[in-house]
Amino acid sequence: MSALRGPAGPVVPGPGAVAALRPLGLDQALLHPDGLLGRWRRRNTEETLPHCVDNLYSKGNIGNLQAAAGEGDQPFTGMWFADSDVHKTLEAALWELGTSPGDTRLKEFVDTTAALLARAQQPDGYLNSYFTIAEPDARWRRPNWSHELYCAGHLIQAAVAGGRVGAHPGLLSIARRFADLLVERFGPGGVEEVCGHPEIETALAELYRLTGHRPYLDLARRFLDLRGRGLLGEGRFGPRYYQDHVPVREAREVTGHAVRQLYLLAGMTDVAMETGDRAMLDAAERLWDDAFGTRTYVTGAHGSRHREEAYGDPYELPPDRAYGETCAAIASFHWNWRLLLATGRARYADEMERVLHNAVAPAVSADGRHFFYSNPLQSRTGHEGSGEEAASRRLPWYSCACCPPNIARLMASLPGYLATADHTGLQVHLYGDASLTTTVAGRTVRVAVRTAYPWQGRIELSVHGDDVQAPWTLALRVPGWCEAYTVSVDGEQMPASARDGYVRLTREWTPGTRVVLDLDMPVRQVRAHPRVDAVRGCVALARGPLVYCVEQADLPSGAVLEDVRLDPAAPITAGPRADLPHIPVVLGARGLLADPGDALYTAGAGRERTSGPLTFTAVPYFLWGNRSEGPMRVWVPVTTAG
């Protein structure tokens, strides 16, 4: 099976890559605007992306580049890596133009920003406004903290997006001039150095995939080979913070700053695919086992420590002190996509689904213009915090504004992650109202997907297109959380087995054939590993791919959230609530209100006192904090009787 030619998506393994699956192009995977994923993308187009553009101007990011181009005298404003926010927003705009080429507003932003970058670029190809106007003598002198290669990586990623969708070839020339400078400085025989914030590795791999210029891939691999030699020094937090304490192929556990670790792993997976480096891919999968076996929140969030924005010890997953940076969730999504392409293993698609619905989506408000930087799983009654430290309130922007543009670029490219193709047929990984197109034996095949997922488990697919004589396989992912399902073809129930995580239907398809996959969606009471001390005696409520939470707004007057106890034996209902019409499915649960008394500590191990029965509602975690500020919790203590 081969893909149709057209605008390519975010990750496109090269023709010689060791990859199990191939992504569809952006013109082959179209989200319909009425489904949940389609609404998220439409909100991104109409609200989040324009909001990011506005803030690049009002917060000084564009002014920094104008000053670097000699077109103003603005002193440098914002974080020293503020250019990366421009590059990420530019990438988002380019992905949007790949499917909406007539958007004149976005085209103007892309054209004017690319022209500005060209004017700000130095004669040797260097492009970084901070080190051009604020500290020109410090260029390349602080690899552990400068983010120079990180910013270069995001510039390259934007240029790759432009190249893939054919929207702005001039941007690719800018990025290649900078990349050629990097090859000259850091390539074989050059400076032995790595960046304190990984990102350049995956960017160079993508630039190689787009251009076929091998020195870019070789430099990406060189950066990975140099990591673990302590080249970054002790720094503020030590080499583990930078993942520079052990060679990447020997690493046994995820460490340090979560975003850096996950970006590094994405780069490792990219390079492993393109070079056939089995040891590197094995290391990436081994680190996946550690990250998702001992250090990931039930929502898919990463990073349990505010200090260092870092991973904690195994099973150190406190809900109220969870950092769960939005950029880490996005990095996890990117890494899991690459692992899915490399291996075809369903567990990576499962994780993409979990993190998208429960760790990326919560970071954006319902209006698309307010954001969480960190994503705790509990906000306590009486929590103190203001400004950027207010964990229960999304803000319109941040002094370190890495997350909003990162959200914008993921949502803009979201259709590119729905499905893949290989020599056997088509694989559907993420479910939403969509149209998918590929070729089989040189003939066009279209699969229309209609579903109310994730609110309902019924996914209806119809196969259209040219008559294809050769049999091919339609593979549908059965999520790991699903214990019971049925599948039918034209009304006839089929024997189905998803031992590898996919139902595979192989046949000579007649145009108009209808497939229905029904996933059972009971409410699940999820318990953590016993070593997660912080939530022992608690459960999290989940249904389908969604994790739910309890907000103070849904409790009776006078009730305190910390006193709520769930009766695990009582039935939990799932359905609409008249006063919450924007949420198709809420959960109704029963339990008790504890009577904590006044003493901070009491002797004995007696049964907890209660003040009476309680009925309460749980809402999807991704929607919390949209009605009012207040306490929230994902993990709910159960009654002692349970």
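A pocket, as the word is used here, is an open set of grid points with protein on both sides within 12 Å along at least five of seven lines. In this predicted model, the second largest pocket holds about 620 Å³ of space. It is lined by 31 residues, and those closest to its centre are T296, Y297, V298, R354 and V526. By class, the lining of the second largest pocket divides into 17 nonpolar, seven polar and seven charged residues.

The largest pocket contains about 900 Å³ of space and has a lining of 41 residues, among which H306, E309, Y323, E325 and Y373 lie nearest its centre. At least two residues of the lining of the largest pocket are supplied by each of α10 and β3 (378-379), with α10 providing the largest share, three residues. The lining of the largest pocket is made up of 20 nonpolar, nine polar and 12 charged residues.

Apart from these open spaces, the structure holds seven cavities of 30 Å³ or more. Of its 16 lining residues, the closest to the centre are E91, Q157, H334, R338 and R409. The elements that contribute two or more residues to the lining of the largest cavity are α3 (83-99), α8 (200-211), α10 (258-275), α12 (326-343) and α14 (403-412), and the residues of this lining divide into seven nonpolar, four polar and five charged.

The second largest cavity has a volume of about 80 Å³. Its lining consists of Q243, H245, V246, V248, A251, E253, T255, Q261, L264, M268 and L287, with α10 giving the most, three residues. The lining of the second largest cavity comprises six nonpolar, four polar and one charged residues.

| Space | Volume | Lining by class |
|---|---|---|
| Largest pocket | about 900 Å³ | 20 nonpolar, nine polar, 12 charged residues |
| Second largest pocket | about 620 Å³ | 17 nonpolar, seven polar, seven charged residues |
| Second largest cavity | about 80 Å³ | six nonpolar, four polar, one charged residues |

Turning to the strands, an open sheet is formed by seven of them, in the order β2-β6-β7-β8-β13-β10-β11, with antiparallel pairing. At the edges of this sheet stand β2 (29-31) and β11 (492-493), each of which pairs on one side only. The antiparallel strands β2 and β6 (residues 434-440) are joined by three bridges, and L31 stands opposite A434 in β6.

In soluble globular proteins, nonpolar side chains tend to be buried together. In this model, the largest nonpolar core has 224 residues, and those with the most contacts inside it are L171, L436, W472 and V634. The helix α12 gives the largest share of this core, 12 residues, and α12 is also one of the elements that give two or more residues to the lining of the largest cavity.

Technical notes
Residues are numbered from 1 along each chain as its sequence is written. This is a predicted model: local features need pLDDT of at least 70, side-chain atom pairs count only at pLDDT 80 or more; totals for chains, interfaces and linings use all residues. Side-chain values use heavy atoms; hydrogens and water are left out. On a 1 Å grid over the protein atoms alone, a cavity is a set of points where a 1.4 Å probe fits but cannot get out, and a pocket is an open set with protein on both sides within 12 Å along at least five of seven lines; lining residues have an atom within 4 Å of a point. Grid points are joined across faces, edges and corners, and a volume is the space filled by probe spheres set on the points. Helices (H or I, at least four residues) and strands (E, at least two) are DSSP runs, numbered from the N terminus. Ala, Val, Leu, Ile, Met, Phe, Trp, Tyr, Cys and Pro count as nonpolar, Asp, Glu, Lys and Arg as charged, and the others, Gly among them, as polar. Two strands pair if DSSP finds at least two bridges between them. A nonpolar core is a set of buried Ala, Val, Leu, Ile, Met, Phe, Trp, Tyr and Cys residues joined through side-chain atoms within 4.5 Å. Buried means under 20% relative accessible area, exposed over 50%, partly exposed in between (1.4 Å probe, protein chains only).
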